[in-house]
Amino acid sequence: MSASNRASEPDPDAELVARVARQEPAAVRELVARKLPRLLALATRMLGDRAEAEDVAQDAFVRVWRQAPRWRAGEAKFDTWLHRVALNLCYDRLRGRREDPMADMPDDADPGPGPDAELARRDREAALKAALAALPPRQREALILTYYQDLSNVEAAAAMEIGVEALESLLARARRSLRERLAAIDTGREGP
């Protein structure tokens, strides 16, 4: 998106960021209330660990507090910048991990529908989680931003610092890979 397009679309967070820069406690609370759920969802999906996701969200908000006085509306949408910060923090953590693609499954019993339905749901969820984790990082990032974070293609491309066509290409390859991996699981074959 060009700078002129950004300038014509007001940033819905600009005034709130300005209030955070002035260190208004109510603005800080409002910003956290507005942005925390999506940041936690993004980081949890990227990292597969809620505690680490909470740390990433906290680190992202610390960066917001530090950058708010220097924030210049119109250069980039605040939400896009915040997603980029959170993604960078996730990648820093992923680089620091030892190779362990499968997170431990929870042992707690869930008081939901019958055990068969719950097992089938968990199997589907685990298969999707494993297939998503097996994607190349940029494909996984594109899917998470568009499907789980509900960013438009333009917003997701800006957050990833790529063009919309490149994002759409990543999404197409990611969807194809997910379909193949999930189909292989359904038929009992090993994934690619």
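This is a predicted model: local features need pLDDT of at least 70, side-chain atom pairs count only at pLDDT 80 or more; totals for chains, interfaces and linings use all residues.
A residue is called buried when its relative accessible area is under 20%, exposed when it is over 50%, and partly exposed in between, using a 1.4 Å probe and protein chains only. Residues are numbered from 1 along each chain as its sequence is written, and side-chain values use heavy atoms, with hydrogens and water left out.

Switch to a cartoon view, and you will find nine helices and zero strands, where helices (H or I, at least four residues) and strands (E, at least two) are DSSP runs numbered from the N terminus.

Next, select arginine 34 and aspartate 13, whose side chains meet in a salt bridge at 2.7 Å, N to O; the term stands for a side-chain nitrogen of Lys or Arg within 4 Å of a carboxyl oxygen of Asp or Glu. Because arginine 34 lies in helix α3 and aspartate 13 in the loop between α1 (3–8) and α2, the pair ties together parts that are 21 residues apart in sequence. Arginine 34 is partly exposed at 36% relative accessibility, whereas aspartate 13 is buried at 4%.

Now move to glutamate 24, which is partly exposed at 25% relative accessibility. Its side chain meets that of arginine 19 in a salt bridge (2.9 Å, N to O), and glutamate 24 also forms a salt bridge with arginine 22, with the closest N and O atoms 3.2 Å apart. Both Arg34 and Glu24 belong to a network of salt bridges that also links other residues, including Glu30, Lys35, Arg38 and Asp79.

Most residues other than glycine have a negative phi. Select glutamine 23, in the loop between α2 (14–21) and α3 (25–47), and you will find a positive phi near 60° in a residue that is exposed, at 66%. Then select aspartate 150, in the loop between α7 (137–148) and α8 (153–160), where phi is near 55°, again a positive value.

Finish at helix α9 (residues 164–186), where arginine 173 is found. Arginine 173 is partly exposed, at 35% relative accessibility, and together with Arg175, Arg176 and Arg179 it forms a positive surface patch, a grouping of residues with over 30% relative accessible area and no salt bridge, in which like charges are joined within 9 Å and nonpolar side chains (Val, Leu, Ile, Met, Phe, Trp, Tyr) within 5 Å.

Note on methods. Accessible areas come from the Shrake-Rupley method with a 1.4 Å probe; for residues, only the protein chains shown count as cover. Lys and Arg count as positive and Asp and Glu as negative; His and the chain ends are not counted. The place of a charge is taken as NZ of Lys, CZ of Arg, CG of Asp or CD of Glu.
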